[in-house]
Amino acid sequence: MVKVKKLAVSGMLLLGSLFMTSGAAFALHPELVVPETVECKVKACQEIMRLGNKYQVEGLFSKEFQEGKAQCSRMDVALAVHLLTEKMAEKVVKEGNQAVDKEDLVLLSDLKEELRAEMLLVGTRTFQSRHEDLGTRFTALTKNIALSGGMVGVLQGSIGNKPKDSTDVVGRADLVFNFKVGENTIAVIDVEATGGDGVDARVPSFSGMNGVAGSTGDRVRFREAWIEHSALSDRLLLTAGKVDLSNYFDTNAVAGDENSQFLSGAFVHSAVLPFPANGPGARIQAKLAEPLTFGIGYGSGDADSANDSDSNDIFDHGFGIAELAYKHKAGELEGNYRIYGAFDSAPADGTRKLVAKSAYSLGVSFDQQVTDKLTLFARYGQRDKDVYAATRAWSAGGQYQGLVAGRKDDVLGFAYGQVKAARTVADAQEKLAEIYYRYKASDQIEISPVAQYLVHPAGLSGNDGVLAFALRAKISF
């Protein structure tokens with residue numbers, strides 16, 4: 001507790017020094033201008049890397065960027081400044097105020113002012129990670145407002161589905177507005193348009209074959225609208241409003257985004273973790289130590305109910321989850337390990353939840369870089385077998401980057417999983433395999449052919465296997 005208090009005080013002193021010196025800094029370093037497309041030779045980046053070496057801060061920029069082989073964005077530079085500030089604050093805690101030179105604070109202050117619009121976004125890392133490929137190319141509209149957007153379309157058809165195969169098209173578009181409402185507080189609004197149910201409307205399964213699909217007809221809605229406040233030098237984050245709890249729990253570096261990674265929902269989150277629809281809720285994340293974070297979240301368990309009184313009854317029909325996450329780094333190779341527990345008090349819907357009672361879910365998830373190109377993942381989850389139709393699930397797979405010579409940004413993904421259901425609704429385990437290849441046509445356009453094979457759909461041994469092919473296109477701006 002004393003250490004946390006020292007960190008908070010030191011962080012506030014450091015940030016206070018940054019703000020108080022901003023005027024002088026701007027005059028002393030007028031050359032620190034950061035363009036939209038940033039190269040390593042830019043003065044601001046050279047200074048950031050110099051401070052990184054001086055204060056022994058690693059991971060500010062990628063190896064390719066430092067070698068002059070790649071470019072980055074203003075947002076990447078802002079993230080580097082944010083990380084550098086954090087590490088310098090920790091150094092003050094350990095060694096005292098004299099550990100950081102005043103002229104370096106002046107330099108950081110100038111960079112923060114230059115990147116002011118981007119700096120207001122760096123605290124929402126979980127949101128950025130979840131939407132890494134759909135709406136994080138932030139464009140500053142004003143000093144306090146930034147906008148991003150993205151569109152995804154999927155053409156998908158089935159082979160072997162009875163009584164009839166089909167081909168469907170689904171689409172999704174997002175506009176994400178970010179507002180700075182205080183020095184440590186931001187507001188985010190995500191406006192989403194979706195259309196199409198995809199093949200899942202004709203191929204019943206527990207896994208789901210198209211995570212992008214979302215509505216029978218065209219629909220425009222406020223997908224998310226929340227406020228986030230950071231404290232204790234970003235070691236404590238509080239988010240409240242209309243939230244998507246799946247953004248913050250059971251995440252995965254290579255199996256957590258249907259827009260650019262695996263298309264099946266079973267490889268985005270556990271097939272037996274009953275996340276509710278987006279609705280009123282809150283979450284708290286605390287960094288207990290440098291590699292260890294703890295998060296809790298709570299929201300309406302039936303926010304998508306047709307009865308408004310149900311979705312408003314957040315305490316009787318609530319959903320809660322807690323997760324402990326550990327980040328491991330060995331040299332340049334990173335890994336993330338998570339364990340969670342959840343309870344669900346939503347009413348029974350007759351399909352996924354069969355009994356109206358509070359029930360539990362437990363699970364683990366990890367992703368680990370094995371080489372600089374290969375990352376593996378695995379998930380396991382189970383829940384109350386007397387309450388739900390699907391009771392247990394596991395999945396495993398990975399991604400390989402740069403499989404084809406000269407295509408270092410392309411990604412090959414592969415995964416396999418099984419779902420076990422209650423004996424009253426199924427007599428076999430549902431099995432799903434998926435493979436995709438993400439071709440990066442440009443910085444903003446990606447095209448991914450996807451192949452899936454589903455065995456025993458809906459856990460019924462009498463159901464024939466279904467083969468599905470899809471072509472997914474994504475544009476971010």
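Of the 22 residues of helix H5, 17 are buried, so this helix is largely enclosed by the rest of the structure. Here, buried means under 20% relative accessible area, exposed means over 50%, and partly exposed lies in between, with a 1.4 Å probe and protein chains only. Helices (H or I, at least four residues) and strands (E, at least two) are DSSP runs, numbered from the N terminus. The model is predicted: local features need pLDDT of at least 70 and side-chain atom pairs count only at pLDDT 80 or more, while totals for chains, interfaces and linings use all residues. Residues are numbered from 1 along each chain as its sequence is written, and side-chain values use heavy atoms, leaving out hydrogens and water.

The protein holds nine helices and 19 strands, and 49% of its 477 residues count as buried. Contact means heavy atoms within 4.5 Å. Among contacts between residues at least 6 apart in sequence, 61% join residues at least 24 apart.

Helix H5 covers residues 74-95. From its first C-alpha to its last, H5 reaches 31 Å, close to the 32 Å expected at 1.5 Å a residue; the expected span is 1.5 Å times one less than the number of residues. Just after H5 comes Gly96, with a positive phi of about 100°. Helix H6, residues 102-114, can be checked in the same way: its 13 residues should span 18 Å at 1.5 Å a residue, and its end C-alpha atoms are 19 Å apart, which agrees. Ten of those 13 residues are buried, so H6 too is largely enclosed by the rest of the structure. Among the buried residues of H6 are Asp104, Leu105, Val106 and Lys112.

How do these two helices meet? H5 and H6 pack at an angle of about 145°, with their axes 10 Å apart. Axes are lines fitted to C-alpha atoms, for helices over the stretch in contact, and angles run from 0 to 180 degrees between N-to-C directions. On the H5 side, Arg74, Val81, Leu84, Thr85 and Met88 meet Asp104, Leu105, Leu108, Leu111, Lys112 and Glu114 of H6. The residues of this contact divide into six nonpolar, one polar and four charged. In this grouping, Ala, Val, Leu, Ile, Met, Phe, Trp, Tyr, Cys and Pro count as nonpolar, Asp, Glu, Lys and Arg as charged, and the others, Gly among them, as polar.

Ser395 sits in strand S15, residues 390-401, and is buried, with a relative accessible area of 4%. Apart from neighbours within four places in sequence, Ser395 is in contact with residues including Ala266, Phe267, Phe377 and Tyr416.

Gly171 belongs to strand S5, residues 167-182, and counts as partly exposed at 24% relative accessibility. Leaving out residues up to four places away in sequence, Gly171 touches Val152, Gly153, Ala193, Thr194 and Gly195. Its C-alpha atom is separated by 6.8 Å from that of Gly196, 25 residues apart along the chain.

Arg423 is found in the loop between strand S16 (411-421) and strand S17 (430-440). This arginine is exposed, with a relative accessible area of 83%. The C-alpha atoms of Arg423 and Ala390 are separated by 9.6 Å, the two residues being 33 apart along the chain.
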